[in-house]
Amino acid sequence: MKTWLKRSTLTIQWSFAKGSIAQFFMSWTFPEEFDIIVIGGGHAGCEACYAPARMGLKTLLLTMNLSSIAQMSCNPSVGGIGKGHMVREIDALGGLMGKAIDATGIQYRMLNTKKGPAVQAPRAQADKEAYKQWMKKVLEETPNLSLKQGTVEDIIIEEGVVRGVVIKEGITYRAKAVIITSGTFMRGLIHIGDVNMSGGRAGDPPAVGLSKSLETAGIKLGRLKTGTPVRVAKRSIDLSLTEEQPGDENVFFSFDPMTSPRLPQTSCYITYTTPETHRIIRENIHRSPMYSGKIVGVGPRYCPSIEDKVVRFADKERHQIFLEPEGLTTDEIYVNGVSSSLPNDVQYAFIRSIPALRNAEIMRPGYAIEYDYVLSGQINSSLASTQVKGLFFAGQINGTTGYEEAASQGLMGGINAACYVRNQEPLTLRRDESYIGVMIDDLITKGVDEPYRMFTSRAEHRLLLRHDNADLRLRRKGYEYGLINQEQYERLLIKEKALHEEPKRLAKIHKNFEGKVASLAQLLARPEICYETLRTHFPEELKDYGLDTNWQIEIFIKYEGYIQRQMGEVARLSNIECIKIPEKLDFHSVTGLRTEAKLRLTKMRPNTLGQASRIQGIAPSDISVLMIALEKRVRTEEPETCSSESCQP
């Protein structure tokens with residue numbers, strides 16, 4: 001229960017808990033009202049505040065520490081399989097992460113180059129201090145965006161609608177919408193062996209009041225866990241006992257030209273654990289808070305701790321470790337592959353059991369961290385709360401893990417919060433047009449019981465969702481929502497024209513190649529011939545559109561049959577994907593639905609029939625019953641179908 005009394009710019013708040021006054025404080029109301037407030041300055045928060053500000057809305061970013069904006073708390077890297085695809089999608093829509101890593105990366109690689117184009121993806125090591133500085137500078141210079149330091153203690157909710165926030169420092173900020181991107185800070189608890197301490201990450205305090213405020217609003221919270229490994233001094237590593245891993249050239253995340261030269265490039269290094277490493281861990285496993293029962297949160301399945309690896313894969317003699325630099329101006333090395341919450345003495349012993357690290361100087365210990373997140377079934381496809389109007393969630397608070405997943409949600413949350421304020425239709429992305437769409441659909445239909453990480457295997461149509469064509473899939477949407485400027489859009493049109501016309505032109509040109517006459521398109525379709533190779537033989541016939549466009553022409557010609565097949569599958573499924581389910585439909589009133597289906601549909605609240613079909617426990621017969629019920633509704637009411645152009649096959 002909350003009572004608000006306004007006198008001039010002073011606000012007096014009483015918070016009641018179980019019938020007694022839990023907190024009383026006086027706060028000053030900031031004289032200006034914002035359209036949107038973003039809570040948290042991590043990777044989700046940066047995208048969430050940048051998007052609405054670019055769209056012309058008055059936006060405020062509130063973060064506990066302005067010096068920690070875009071902090072890379074774990075691995076100082078961006079991209080990877082699935083993740084790299086999402087970063088390119090962020091850039092295609094007009095977000096920041098792709099440009100940030102292009103400007104501050106110190107090693108770039110293209111992964112899976114020996115496999116098909118659908119699963120190839122860019123990855124880069126970042127200079128984490130340079131990354132933070134770049135992001136903060138861009139946000140500070142963005143019109144319509146204010147950055148302020150403060151710890152949010154309470155969300156102001158009046159009659160089920162969000163109205164602003166109150167910070168611990170004694171200020172009330174009013175707004176039409178609020179986006180929470182709290183990362184691991186909500187009631188964060190750090191574990192190192194028997195030691196545990198409150199914190200959002202090492203060195204930073206947790207956010208406690210925010211969890212209580214959400215629970216008061218009726219939002220159900222759960223606990224998840226993640227972790228990080230030790231950092232060691234590079235000078236203490238014997239690099240002669242490692243495998244050097246140099247970077248690749250011509251790897252980019254942004255579709256736009258770089259405005260500054262790249263930072264000096266460096267190498268990463270590979271080493272391995274030993275049987276002695278595993279013996280030390282096994283003998284001390286009872287001292288791990290994960291195995292002693294002190295940690296209740298569920299950790300990420302696909303980024304396990306070294307304790308988990310040793311226990312779950314007991315037959316493996318060694319596990320791979322990547323030694324990754326944290327920047328050009330620091331000696332710290334991130335020891336990727338040995339995330340741990342074991343006591344400090346055990347971490348010291350098992351790290352030094354690795355030959356290359358036998359004299360390692362540990363600069364920061366590894367630790368595990370538990371934090372609150374919003375349980376599944378409480379957001380819709382725009383990332384808006386289903387309980388409080390104007391409240392949005394993005395990032396780890398929705399149960400995901402990883403910078404890229406967080407940034408993607410931040411961007412979508414920012415766009416859709418702006419749409420909410422403007423009373424416009426939200427932007428929703430389908431599974432067949434983006435990995436971002438796959439992730440959000442998974443969060444809504446499948447739910448989360450462990451930290452969610454993106455992989456290419458999660459997408460049914462991944463040949464259509466390559467990293468190289470993210471601009472063709474999404475840049476037009478970014479332009480429509482005001483995040484892509486005219487110059488960027490015109491470059492897209494030029495590229496689209498080339499991709500439309502060039503394969504047809506190459507199919508008409510026949511040449512004698514190695515004693516046989518074939519069209520240039522037929523030659524390019526051969527697996528052993530690439531666009532650049534063919535250009536060396538026929539430089540006058542094959543135009544140079546740039547590496548990116550040349551590559552896409554080649555892929556289209558080589559995989560045309562497969563691409564057309566997947567597009568046909570999408571077209572066949574598009575019918576149920578575009579049938580919207582009314583927001584207030586009472587599933588319990590639908591005759592013929594099984595009891596389990598009614599309960600699951602009521603909990604997850606899918607937006608479309610397609611989403612409903614992917615919810616665990618929903619049978620094809622349930623979808624048929626629901627479709628009939630919706631058809632009957634259409635006959636008596638105004639049809640409610642998807643009007644977005646994105647629903648057209």
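Is Asp-432 buried or exposed, and at what relative accessibility? At 14% relative accessibility, Asp-432 counts as buried, because buried is defined as under 20% relative accessible area, exposed as over 50% and partly exposed as in between, with a 1.4 Å probe and protein chains only. The structure is a predicted model, in which local features need pLDDT of at least 70 and side-chain atom pairs count only at pLDDT 80 or more, whereas totals for chains, interfaces and linings use all residues. Residues are numbered from 1 along each chain as its sequence is written, and side-chain values use heavy atoms, with hydrogens and water left out.

View 1. Setting aside residues up to four places away in sequence, Asp-432 touches His-461, Leu-464, Leu-465 and Val-570, where contact means heavy atoms within 4.5 Å. The C-alpha atoms of Asp-432 and Leu-463 are separated by 9.7 Å, the two residues being 31 residues apart along the chain. The side chain of Asp-432 also makes a polar contact with the side chain of Arg-430 (2.5 Å). A polar contact is a pair of N or O atoms within 3.5 Å; within protein, one must be able to donate a hydrogen and the other to accept it, and residues adjacent in sequence count only if both atoms are side-chain atoms.

**View 2. Positive phi at Asn-144 and at Glu-514.** Most residues other than glycine have a negative phi. Asn-144, with phi near 70 degrees, is in the loop between α4 (128–140) and β9 (145–149) and is partly exposed at 40% relative accessibility. Glu-514, with phi near 55 degrees, lies in the loop between β24 (510–513) and β25 (516–519) and is exposed at 68% relative accessibility.

**View 3. Tyr-131 in the largest nonpolar core.** A nonpolar core is a set of buried Ala, Val, Leu, Ile, Met, Phe, Trp, Tyr and Cys residues joined through side-chain atoms within 4.5 Å. The largest one has 100 residues, and those touching the most other members include Ile-37, Tyr-131 and Leu-214. Helix α10 gives the most to this core, with nine residues. A second, separate core of 21 residues includes Ile-280, Ile-333, Val-338 and Ile-354. Residues up to four places away in sequence not being counted, the contacts of Tyr-131 include His-43, Met-72, Val-78 and Ile-101.

**View 4. Salt bridge between Glu-404 and Lys-83.** A salt bridge is a side-chain nitrogen of Lys or Arg within 4 Å of a carboxyl oxygen of Asp or Glu, and the count comes to 52 by this rule. In this pair the N to O distance is 3.2 Å. Glu-404 in helix α10 and Lys-83 in helix α2 (residues 83–93) link distant parts of the chain, 321 residues apart. Glu-404 is buried, with a relative accessible area of 4%, and Lys-83 is buried at 8%.

**View 5. Salt bridge between Asp-548 and Lys-495.** The N to O distance here is 2.7 Å. Asp-548 lies in helix α16 (residues 547–558) and Lys-495 in helix α13 (residues 486–508), so the pair ties together parts that are 53 residues apart in sequence. Asp-548 is partly exposed at 26%, whereas Lys-495 is buried at 8%.

Technical notes. Helix = DSSP H or I, 4+ residues; strand = E, 2+ residues; numbered from the N terminus.
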